[in-house]
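Colleague: I have not looked at this one before. Can you walk me through it?

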Amino acid sequence: MATARIGLDRLPSAARAAVEEHTGPLLAVEESDEGFNSEIAARITSATGTWRIKGLRTDHPRAWTQRREAAVAPFLTGLAPALRWQVETAGWNLLGFEALDGHHADYAPGSPDLPEVATLLHRLGETPCPGIELRHAEQRLEHYAAHPDHLRFFAGTHLLHTDLNNANVLVDDHATQGDRARLVDWAWATRGAAWLDAGYWIIWLIASGHTSASAEQWAAEIPSWHTAPAEGITAFATTNANLWSEISKADPAPWSLRLATAAHVWHTHRSGAEG
């Protein structure tokens, strides 16, 4: 379920003052309605710079996601916006990231953003997994696997993002070709098999108009995909069909139904029944 969003002006004065210790007096606040996990999400500007701020109350059930993002941020150079400051006061946890220019990635067939995203995921696959507390992919997926033995395919030692929503990928057309994309929102950072992010991307590609075969061709642009056993890929497709079915039943919003349909299409394809 999406987290209710509030305006920055509703922060306690002590929390806002703590932010301005890092930024100076704010001159402009552009609230964002994108994303599902934050109560505060905005682009803020002062005389000294511009940041993207996101926050949750410290007693929020998902407050741990803020701390997870802060913990993983130092290890994401060249992959994600840099974390510039963190504030935890007056009942709020607030993160200030560098504000990147760019647009949300377009995953539609033929989009020029697709090679940039593939290159980004290639770089992520080569990034050492930091020695911080992270959930394991096989733990996150254990309730959705068709058979407990399938979980062995998902285990691994690589750093994963796991939420390849196109809104979590920013593409700057003015940056150097091959280095234009960055991943935001690392709340669900996970340790697991290197190829899983390519698999997560497939579902979003299908939801954006690709056939299963086309989506898998893009996944194949990522070297780690070629380490995945065919049986493991099929198990992952089945697992995600179960996961998205549950999500869409709990929150039957258009976006969740679209992803549930895409996951089912991929599962059917992997099962050999897609026409």
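Colleague: Is tryptophan 218 buried, exposed or partly exposed?

Modeller: This is a predicted model, and in it tryptophan 218 is partly exposed, with a relative accessible area of 23%.

Colleague: How do the rings of tryptophan 201 and tryptophan 218 sit relative to each other?

Modeller: Their centres are 6.4 Å apart and their planes are at 65°, so the pair is edge-to-face. Tryptophan 201 belongs to helix H5 (residues 196-207) and tryptophan 218 to helix H6 (residues 212-219). The two are 17 residues apart, and the pair links distant parts of the chain.

Colleague: How many aromatic pairs are there in the whole structure?

Modeller: A search of the whole structure gives ten. One more to look at is phenylalanine 154 with phenylalanine 236: the ring centres are 5.7 Å apart and the planes are at 70°, so that pair is edge-to-face.

Colleague: Where in the chain are phenylalanine 154 and phenylalanine 236?

Modeller: Phenylalanine 154 is in the loop between helix H4 (137-140) and strand S8 (158-160), while phenylalanine 236 is in helix H7 (residues 230-250). They are 82 residues apart. Both phenylalanine 154 and phenylalanine 236 are buried.

Colleague: Which residues form an aromatic cluster with Phe154?

Modeller: Trp195, Tyr200, Trp225, Phe236 and Trp266 form one aromatic cluster together with Phe154.

Colleague: Changing topic. Where is histidine 161?

Modeller: Histidine 161 is in the loop between S8 and S9. Its relative accessible area is 0%, so histidine 161 is buried.

Colleague: What does the side chain of histidine 161 reach?

Modeller: The side chain of histidine 161 reaches the backbone oxygen of valine 184 at 2.9 Å. A polar atom of that side chain also lies 2.9 Å from the backbone oxygen of aspartate 185.

Colleague: Which residues is histidine 161 in contact with, leaving aside neighbours within four places in sequence?

Modeller: The contacts of histidine 161 on that basis are Leu124, Asn168, Leu183, Val184, Asp185, Trp186, Trp188, Ala189 and Asp197.

Colleague: Back to aspartate 185. What is its phi, and where does it lie?

Modeller: Phi of aspartate 185 is near 60°, a positive value in a residue other than glycine. Aspartate 185 lies in the loop between strand S10 (181-183) and strand S11 (190-192). With a relative accessible area of 10%, aspartate 185 is buried.

Colleague: And threonine 162, what is its phi?

Modeller: Near 80°, again a positive value in a residue other than glycine. Threonine 162 is in the loop between S8 and strand S9 (169-171), and at 9% relative accessibility it counts as buried.

Colleague: On to the sheets. What is the strand order in the open sheet of five strands?

Modeller: The order is S1-S2-S3-S5-S4, with antiparallel pairing. Strand S1 (26-31) and strand S4 (83-89) stand at the edges with a single partner strand each, so one side of each has no neighbour in the sheet. The twist averages 25° from one strand to the next.

Colleague: How many bridges are there between S1 and S2?

Modeller: S1 pairs with strand S2 (residues 40-46) over five bridges, in the antiparallel sense. Leucine 26 stands opposite serine 46 in S2.

Colleague: Which helix packs on that sheet?

Modeller: Helix H1 (residues 13-23) does, touching S1, S2, strand S3 (49-57), S4 and strand S5 (92-98). The direction of H1 makes about 155° with that of S4.

Colleague: What about the sheet of three strands, what is its order?

Modeller: S6-S9-S10, an open sheet with antiparallel pairing. Strand S6 (103-104) and S10 are the edge strands. Helix H3 (residues 113-125) packs on this sheet and touches S6, S9 and S10.

Colleague: Last one. How many helices and strands does the protein have?

Modeller: The protein has eight helices and eleven strands. Its radius of gyration is 19 Å, close to the 19 Å that the globule rule gives for 275 residues, so it is as compact as a globular protein of that length. Buried residues make up 49% of the 275 residues.

Note on methods. Residues are numbered from 1 along each chain as its sequence is written. Side-chain values use heavy atoms; hydrogens and water are left out. Two strands pair if DSSP finds at least two bridges between them. Helices (H or I, at least four residues) and strands (E, at least two) are DSSP runs, numbered from the N terminus. Axes are lines fitted to C-alpha atoms, for helices over the stretch in contact, and angles run from 0 to 180 degrees between N-to-C directions. Contact means heavy atoms within 4.5 Å. Rings of Phe, Tyr and Trp (its six-membered ring) pair if their centres lie within 6.5 Å; planes under 30 degrees apart count as stacked, over 60 as edge-to-face and the rest as tilted. Buried means under 20% relative accessible area, exposed over 50%, partly exposed in between (1.4 Å probe, protein chains only). A polar contact is a pair of N or O atoms within 3.5 Å; within protein, one must be able to donate a hydrogen and the other to accept it, and residues adjacent in sequence count only if both atoms are side-chain atoms. The radius of gyration is taken over C-alpha atoms; the globule rule is 2.2 Å times the number of residues to the power 0.38.
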